[in-house]
Amino acid sequence: MGDGISSAGFVDFFNTNRSSILERPQDVEDNLILNTAEDYSADEDVSAGYLMGTWDSGPWRFIVGARVEHTEYSAQGSELNFDDSGDLTINPRSVESSYTNVLPGIHARFTPRDDLVIRAAWSNTIARPSFGDQSPRFEINNEDLEINMGNPDLEPYESSNLDLLLDWYPGGGSVMSVGVFSKELDSYIVERTFQNDAQFPGFEVTRPVNGTDASIRGIELNLEQELGRWAPALDGFLVGANATLLDTEFTVDGRTETFSLPQAAEESANFYVGYEQGRFSGRVSYSFRGEYLEEIGDSREFDVYVMESQQLDLTASFRVNDAIEVLFEAQNLLDDPLELYQGTPATTLQFEEYGATFAIGLKGRF
């Protein structure tokens, strides 16, 4: 292929002329961003303690207590500044925060008979921002004029929860459950996209922010049943199904609408049919997830939604002997795409198809 390049000669030339090899002027800003703006370091220390008491009386059990958590957070990263001429500078930034949360809870269990259990609970929980969301960091796409950044001013969000659950065990490995719940969330964290950010004019800026109020009301249903209990001809067959229905509300500053809770589908369900007999075990499962809100923009036409999806999978195994088992999996048999739209379903933002996946394996025990 012709004369080659001497690697030793290249290295010698580079080392001899290193002081004269500089970055191009048009690359200075991009190199600064790549080497500095996206980097951060963060530390979080959580100190916690709890006090709990349990009281039993006949079919009743009560558990009452409280947990106290103190959080110390610090991070070092960068902040961006554009001067009047539009030139970019990157300066180091350090942030610190600390907060204490008191989280009481009451749990009750009532067992009126051996096959029936009723549970109720009032609890308080906390969710801290992720390091990436809370740290001072930036990702800049100069070609598309997009900035993705962290938000050091984020606060954790708290939830006050009420739960009621009834479990019935009719026998034969079967269970039927129904539950209702209510959750009130304060300062829920959501990702917002701003088209006209005063700090970065001309850029589309995406950052996590604390919302205002959010609430969740829901019901969950679950069934696990061995069919051989009802008909001997169906011995070995089992079915299972569960569904969750939500009614959520969420508001954010700058928008007058009421949204469903971001990244929470209000309908989801799973169903499976299985067969287990001797050395063979198999299961066909179907899952459904409803549409949900992914990202909130400046106005409705910039809101991003993820379309509903469904999936059908098959798994099977055969135990040749005590040491060897053959496995088979077929996933995504419906080839349902991942689809996101912006504003209305007619405005597709992202469309991905993955096809079905098949796998066969051998498991050994020694």
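1. A residue is called buried here when its relative accessible area is under 20%, exposed when that value is over 50%, and partly exposed in between. By this criterion, 30% of the 366 residues of the protein count as buried. The model is a predicted one, and the points below should be read accordingly.

2. Overall dimensions. The secondary structure of the protein amounts to 3 helices and 21 strands. The radius of gyration is 28 Å, well over the 21 Å that the globule rule gives for 366 residues, so the protein is more spread out than a compact globule. The C-alpha trace spans about 85 × 60 × 50 Å along its principal axes.

3. Surface and contacts. Among contacts between residues at least 6 apart in sequence, 60% join residues at least 24 apart.

4. The sheet β5-β6-β10-β9. These 4 strands form an open sheet in the order given, with mixed pairing. Its edge strands are β5 (138–141) and β9 (189–194), each of which pairs on one side only. Neighbouring strands of this sheet are turned by 20 degrees against each other on average, direction ignored. Strands β9 and β10 (residues 204–210) run antiparallel and are joined by 6 bridges; within this pairing, Val190 has Val209 in β10 as its bridge partner.

5. Arg207. This residue lies in strand β10. Is Arg207 buried or exposed? Its relative accessible area is 14%, and the cut-off for burial is under 20%; Arg207 is therefore buried. Leaving out residues up to four places away in sequence, Arg207 touches Met149, Asn151, Val190, Glu191, Arg192, Phe194, Asp197, Gln199 and Phe200.

6. The sheet β15-β16-β19-β20. A further open sheet of 4 strands has this order, with antiparallel pairing. Strands β15 (292–295) and β20 (348–352) stand at the edges with a single partner strand each, so one side of each is left without a neighbour in the sheet. From one strand to the next, the twist averages 25 degrees. Strand β16 (residues 304–306) pairs with strand β19 (residues 338–342) in the antiparallel sense over 3 bridges, and the bridge partner of Tyr305 in β19 is Tyr341.

7. The pairings of β12. Strand β11 (residues 213–226) and strand β12 (residues 237–250) run antiparallel and are joined by 13 bridges. In this pairing, Leu246 of β12 is the bridge partner of Gly218. Strand β12 also pairs with strand β13 (residues 267–277), in the antiparallel sense and over 9 bridges; here Phe237 stands opposite Tyr275 in β13.

8. Nonpolar cores. In soluble globular proteins, nonpolar side chains tend to be buried together. Which residues touch the most other members of the largest nonpolar core? They are Phe250, Leu261 and Ile296, in a core of 16 residues. The elements giving two or more residues to this core are β8 (174–186) and β11. A second, separate core has 11 residues, including Ala37, Phe200, Phe203 and Val205. As to Ile296, its contacts beyond four places in sequence are Val190, Glu191, Arg192, Thr193, Phe250, Val252, Arg255, Phe259, Pro262 and Asp303.

9. Positive phi values. Most residues other than glycine have a negative phi. Leu145, in the loop between β5 and β6 (146–149), has a phi near 55 degrees, a positive value in a residue other than glycine. Asn332, in the loop between β18 (324–331) and β19, has a positive phi of about 60 degrees although it is not a glycine. Their accessibilities are as follows: Leu145 is partly exposed at 39% relative accessibility, whereas Asn332 is buried at 11%.

10. Glu23. This residue is found in the loop between α1 (7–16) and α2 (28–37). Its relative accessibility of 45% makes Glu23 partly exposed. With neighbours within four places in sequence left aside, Glu23 is in contact with Val28 and Asn31.

Conventions: Residues numbered from 1 in each chain as written. Predicted model: local features only at pLDDT ≥ 70, side-chain atom pairs only at ≥ 80, totals over all residues. Heavy atoms only, no water. Pairing = 2+ DSSP bridges. Axes fitted to C-alpha atoms, helices over the stretch in contact; angles between N-to-C directions. Buried < 20%, exposed > 50% of the residue type's maximum accessible area, 1.4 Å probe, protein only. Contact = heavy atoms within 4.5 Å. Core = buried A, V, L, I, M, F, W, Y, C linked by side-chain atoms within 4.5 Å. Rg over C-alpha atoms; globule rule 2.2 N^0.38 Å.
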